[in-house]
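Reader: I have a chain on the screen and some questions about it. Can you take me through the layout?

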Amino acid sequence: MSKISQQLLSGTSKAAGAPAALALEDGAVFYGTACAAAGEAFGEICFNTSLEGYLEVATDPSYAGQIITMTYPQIGNYGVNPEDAQSAAPALRGLVVRDMCTTPSNWRSKLSLHEFLRQHNVVAIEGVDTRALVRHVRDHGAQRAIISTLDLSKESLLAKVRASESLVGQNLAATVSCSKPFTHGIVDLPESHAFAQAPAPAPRFKVVAYDCGVKRSILDGLVRAGCDVTCVPWDTPAERVLQQAPDGVFLSNGPGDPEAVEGTYSQVEKLLGKVPVFGICLGHQMMCKAAGADIEKLKFGHRGGNHPVMNLRTRRVEITAQNHGFGLLFPSLGPLVPELSGGFKGHEDDLRFWVRAGIAPVVQNERFGRIQLTHVNLNDGTAEGIAFLDIPAFSVQYHPEANPGPTDAHYLFTAFARLMEGREDYLDIDIAADRLAGWKFGAEGACEEACNA
Ligand SMILES: NC(=O)CC[C@H](N)C(=O)O
């Protein structure tokens, strides 16, 4: 920090933190200062490149079992507002930041981030060169890590981290799912919020949502699309879901290794073809597993708010919010159907081939018939979305609810509503118009007024 900024911030210095260390299983050790709870935390080290939204990240249940590094250098500067939380309590194991701001300034802030984390017993470290750490993780991959405020000995930390449990193979969805069904309602923000979303419409669809660690904003997105949502535990038998005669089933995001969540995907296999299904992130992986696909562990995952994805059906690019460490191997869903894949017979590993070719390829899946690749990540050519052509079902690997992140992909909630209406063109939506319609100013044409004022 420059001398001038130091002077500007004089009187806002932080309570002196105890020394702390972050050690990675490959031997890299970073030293810094404790800035939340004291103790030791084990988890998979990963990084999120969002410029804001640290509270939504900290409370996203999909981060269970992980230590998150925020790449934005100052974290905590606008405090914590419980209305933005994605679940009742933080799910991440630990947080790594360059600089923890302990004197937040924002009219909505109720608490500082470091105090919020401390109250929830989350260990955090600041003063780490997060650029060096992120480069290290990008080069050497996601791995086990420990943050300690109790032990600074490199040897001892490495021994502990190497003895800790890996995230691979762990069913963490079971640890963050609800234990009994609940219904979800939303509270509309007051008129004084100039950019508030439009009020939720009256429910038209009865939706059962598998809760593998669902984010609150995803449930809000479903309610705003006209769904009456009942969440059920991650391993609820398909028969019990079908007994409720829902118009649709939703599969939520969630933490950990998708291979280990057989309790969900074995049920999804029984639901596909019987009821319209929509899945997000872990929910997408559950659909893929139900169709017999292979899932790969990505080297360091996608976590942030600026991941470009092309919708191959519309050829529009969406800037998306992402948070995942595993991904579908599209070729494992089945052989290509050349007539529906521009005449191509051979699979490509880098799916940007289809972006260049201008084709949304289709495979023949043994269990569920034809499946189309609908979305591709433009950064690394991985699969980001699929649509089943012979049964009513589709899913995306990224996060249309954003929170934090851009809302380009909000249209996918509308698409689910259209799927439940039985529309064949359910995915072919003008995404800009859909996005505007979701906001109070958009609904009333006040957007133009505001722009002209
Ligand atoms: N946000 C999610 O649902 C993440 C899914 C899964 N745990 C992954 O890391 O790939």
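Author: Below are the domains, the barrel and the ligand site.
Author: This is a predicted model, where local features need pLDDT of at least 70 and side-chain atom pairs count only at pLDDT 80 or more, while totals for chains, interfaces and linings use all residues. Residues are numbered from 1 along each chain as its sequence is written.

Reader: Which domains is the chain divided into?
Author: Domain 1 covers 16–163 and domain 2 covers 173–443; the bounds come from an automatic or database domain assignment.

Reader: How many residues does the contact take from domain 1 and from domain 2?
Author: Domain 1 gives 22 residues and domain 2 gives 24 residues. Two residues are in contact if their C-beta atoms, placed from the backbone, lie within 7 Å.

Reader: What gives the most to the domain 1 side?
Author: Strand 3, with three residues. Helices (H or I, at least four residues) and strands (E, at least two) are DSSP runs, numbered from the N terminus.

Reader: New topic. What order does the closed barrel run in?
Author: Its seven strands run 1-2-8-6-4-3-9, with mixed pairing. Two strands pair if DSSP finds at least two bridges between them.

Reader: In what sense do strand 6 and strand 8 pair?
Author: Parallel, over three bridges. Valine 96 stands opposite isoleucine 125 in strand 8.

Reader: And the ligand: which strand gives the most to the shell around it?
Author: Strand 16 (residues 316–328), with four residues. The residues around the ligand include Asn323, His324, Gly325 and Phe326; a residue is near a molecule if its C-beta atom, placed from the backbone, lies within 6 Å of it.
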